[in-house]
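Subject: Structure for you to look at

Hello,

Here is the structure I said I would pass on. Please open it next to this email and read the notes below as you go.

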Amino acid sequence: MRFAPPPTVRVAEHPGGMNQVLARSFNERLIMSLLLQHEGMTRLQLGQESGLSAQTISVIVRALERDNLVSKGEAVRGRIGPPTTPISLNPNGAFSIGLHVDRHAIEASIINFVGEPVFQRRSSLAALDVQTVQDTLTGTVDALLSELGAEQKALIAGVGLTLPGRFEADRPEEQAILAHDFEEDLRAHTGFEVFIQNDITATASAETLFGQAKRIDDLLFCYVCEDLKPRLILGGRIYTGSTPQISICDSETWQRTHDAITSGAQDDDPAVRQWLGAVVEKLDTLVQSLGKFATVSELILSAPVPKSITDVLVSDLKLKVSAGLTVTGSQFGPNALAYGAATLPIHSRFTAETP
Amino acid sequence: MRSVLCYGDSNTYGQTTANKPDDRYPHDVRWPGVLRSLVGNEWLVIEEGLSGRTTVSDDEIEGSEKNGRTYLRPCIMSHKPLDLVIIMLGTNDLKVRFNKTPGEIAMGVGALVSDIKSMPAGVDGKIPEILIVAPPPTALDLKEWSDVFLGAQEKSRALAREYERVAEAHEVHFFNAGLVVNSSDKDGFHLDVQAHKDLGHAIAEEIAAIGWPEQRD
């Protein structure tokens, strides 16, 4: 029995803001992970899913409520609503910034706590060297921040930064980009925690957190552009490490095709048709060879193209692969990589697993 | 049928605001009665309110039987097995004779929680669910009770926060009654009829919000 004064806990009168979030217990992260996966759960369901006691759930939900990370239901009186009102994450409880460094541009995005895009931005890179990338990154993040009010700024969970896995090995200035510590630059410039990850791994993890893979444990995620970049997700875990990168076309061809798509070309355009054909062929080969050692019944496709093109890609692929494989297009659209970057801080700070 | 023990002071007993000794609201007016009318087909609602009950102190004026701690153990043993114990105490600890800070009053509630947890009073020898209810603050004018409750106005306003800390430290349920009811202006620290009704409804919601698996026999 203890007679010492109870320890200090977070209380409404002393909001600690996002800085306290890192200190969140594993159990709190567990509850947030469940709420990220399921839209609205009762305290009873949270207890059954997590294995935590009713009293522990009660304490955790109150703490999350105080920090505005869960919505207070419809009612009432500054506390959780009637028992039939399920508990949901508050979309405006936290925000996250994502920056993706591409060869030609910085893709940027702000998402809210439930993964809805709030702002998006693309800033062209005048050159591909450390100084230009650095300046464009800070300029872009400043531009994004200027869109937010002071209240929202205080709720930023961090900055996610993603870089492509491969630059041209024979260009020293591109190698210098991979070697440079942009993480530290951004931390110093913004004062936010910065999370860094490979671009494809980040967008695959975004699919598992907010996207099509939310409730699927085993799947193959593929990002297609000039290359086919796969990530295998088994048991909800993304296998990173050295993943194959399968070439679909050369950079110049891809650039031309992508420009055409951006200016409105559809699948009847010969260049687009050719790219689509090549993607389907490589994907089919990949799925067949994968089938030799792992059974995956879901394939999620993401590409930096509008939904109409992704839809054609999905239906073309469905004709080719066996009926046992469900093919789905990502909902993240052309900004999937910036979106993936923005998901990193949320994944790292609020969920029980790390990507 | 599940069972809930409502362990409290005069505001659970149903002392009226009329300032007549032992003047008590009828059973269906006091909040445990309101609760019974709402959940009575699923819950046995056990009323255990006593005017003047403190958290853990003998009262040298009103008598040692007002000590909420010494009576808690036999009380729980009489009513076990219990699914839920609700504790709403602390108002009497505000009396100046006890010279307690809000934090110490909350620690008294914590001591009661520890006592309950040390007894196998729940179903199948488990520990029952425990709900700490912070009493509403006193009115600013405590009328003829002003000297008994010297300084209670300010202290009572700090109770909910201290209670919540104790609830977190002990990992138990918490509800701030001050969110739904006020002490009556008539005598400054008792609940009127409407307040009993509102509190009964709020407690019923809190009980349901805890989430109870399947109905037990």
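Helices and strands here are DSSP runs, counted from the N terminus: a helix has at least four residues and a strand at least two. Please keep in mind that the model is predicted.

**Backbone, chain B**

Start at the loop that runs from helix 3 (68-79) to strand 3 (84-88) of chain B, which holds Pro81(B). The peptide bond between Lys80(B) and Pro81(B) is cis, with omega at about 0°.

Next, go to the loop between strand 3 and helix 4 (102-117) of chain B, where Asn99(B) lies. Asn99(B) is not a glycine, yet its phi is positive, near 50°. Its relative accessibility is 65%, so Asn99(B) counts as exposed.

Glu171(B) also has a positive phi, about 55°, and is not a glycine either. Look for Glu171(B) in the loop between helix 6 (159-170) and strand 5 (173-176) of chain B. With a relative accessible area of 34%, Glu171(B) is partly exposed.

**Cysteines**

How many disulfides does a search of the whole structure find? The count over all chains is zero. Take Cys225(A): it is in no disulfide, and the nearest cysteine sulfur belongs to Cys249(A), 8.3 Å away. A disulfide needs the two sulfur atoms within 2.5 Å, so the 8.3 Å from the sulfur of Cys249(A) to that of Cys225(A) is too far for a bond.

Cys225(A) is buried, at 9% relative accessible area. Cys249(A) counts as buried too, at 18%.

Regards

Notes
Residues numbered from 1 in each chain as written. Chains lettered and ligands numbered in written order. Predicted model: local features only at pLDDT ≥ 70, side-chain atom pairs only at ≥ 80, totals over all residues. Heavy atoms only, no water. Buried < 20%, exposed > 50% of the residue type's maximum accessible area, 1.4 Å probe, protein only.
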